[in-house]
Amino acid sequence: MTLMDEAKKGNIPPQIHKVAKEEGIDPEIVRKYVAEGLITIPKNVLRETSPKGIGKCMSVKVNANIGTSRDFVDVEDELKKAETAVKYGADSIMDLSTGGDLDSTRKLLMEAVDVPFGTVPIYQAASSQKTVVDMTSDDIINAVRKHAEDGVDFVTIHAGVNQNALQRLRKGERVMDVVSRGGSFTIAWMIHNEQENPLYSEFDYLIEIAREYDMTLSLGDGMRPGCIHDASDNAKFMEFITLGELVKEARNSNVQTFVEGPGHVAADEVQLSVKSMKQLCHEAPLYLLGPLVTDIAPGYDHITGAIGGTIAGMSGADFLCMTTPAEHLALPTEDDIREGAIITKIAAHAADLTRQGQREKARQTDLQMAQARRDLDWEKQFDIAIDSEKPAAIRQSRKTGSDACSMCGELCALKIVQDALKGNTK
């Protein structure tokens, strides 16, 4: 049985118990929401992982994308990135490799981490042919089965990129057309072969594969906007209408899903996008890249993404795909991955401070930090901090004889008021 089968029968298997304990939520509530498709716990039956709950009442989770490119194939470097991402807060890893031995790379990366692991099978299907348009529908479907057999926990499927969405794209006024790599592969294939997207037309078969391995289907946002100008257009919303239909089909077969979203969205449109996507997709867990709230900050898109991610998390998004300083510029380094993971974890926690099921728990952590700051307890502050290493290094590099920070020293506001309240003003 799949996890949804179990949950619908009233059973509470170990992964639901573990998620409930980690999140501080009653296991029965987690079971209920898993049964309804409102919480997803990605875990292939062939792989052991530390289960992570994504969705209603869960803390906002963070994913890290890693993987080789055709220009740079260094598997050892990607292994270090995966380990670094998890160390600094990533709750899952996705392998987006397009260069080198994809099967070997995927296997090594999966062995390196114990968090949920995702892939985009169409990348492998494309690598089997000279050009992406030379793929056959069998190549595309068989790649999904191959990844399921290898133990992948969740796969991105661009099933919403169909002829309807393509028609809206052609009639629209986008500046950047399609920036999703998987979406571009699919659209190019559809146009060249004059056929419907097999990921859409054969979705029933994909459900069978996913059900066999209890693999989660991440319904990809192939039409996501690649710039602020292109946000909230007809092509994007046509895709989400389709994804909502596919969510219902998967739930009917007790297959877990989450839905992927944009992209580049101005801050005042993030809430609209999130709430619309949630509504159209029947409150399925929502997985966002960013969203990036401006286009003019190359080198700092981990920050533009974190701003959008916080707003999105407050509005109901459940899963943030981190961006790094290298976004739009280059293959990220290990340092880029570290920076991206930390910044996105901050965004996720900021959203948790406002979320149903997590608000009290998250605010208790902030209260503990406030108390440690009041007491000038530096070690406790570093222990609570999302990143303990950087603040400790900064303080050590500029430490003075005072137990306050070197910005204020004996003029520390906390020390002055505490002394005054105790009657010690000399």
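Buried, as I use it here, means under 20% relative accessible area, with exposed over 50% and partly exposed in between, using a 1.4 Å probe and protein chains only. By that definition Phe 382 is buried, because its relative accessibility is 11%.

This is a predicted model, so local features need pLDDT of at least 70, side-chain atom pairs count only at pLDDT 80 or more, and totals for chains, interfaces and linings use all residues. Residues are numbered from 1 along each chain as its sequence is written, and side-chain values use heavy atoms, with hydrogens and water left out.

On to the aromatics. Searching the whole structure gives seven aromatic pairs. Rings of Phe, Tyr and Trp (its six-membered ring) pair if their centres lie within 6.5 Å; planes under 30 degrees apart are stacked, over 60 edge-to-face, the rest tilted.

One of the pairs is Tyr 123 with Phe 185, edge-to-face, at 5.9 Å centre to centre and 65 degrees between the planes. Tyr 123 sits in helix 6 and Phe 185 in helix 9, so this pair ties together parts 62 residues apart in sequence. Helices here are DSSP runs (H or I, at least four residues), numbered from the N terminus. Tyr 123 is buried at 9%, and Phe 185 is buried at 14%.

Back to Phe 382: its ring forms a tilted pair with Trp 378, 6.4 Å centre to centre, 40 degrees between the planes. Both residues lie in helix 17, four residues apart, about one turn of the helix.

Finally, ring pairs link Phe 154, Phe 258, Tyr 287 and Phe 319 into a cluster.

Key:
Helix = DSSP H or I, 4+ residues; strand = E, 2+ residues; numbered from the N terminus.
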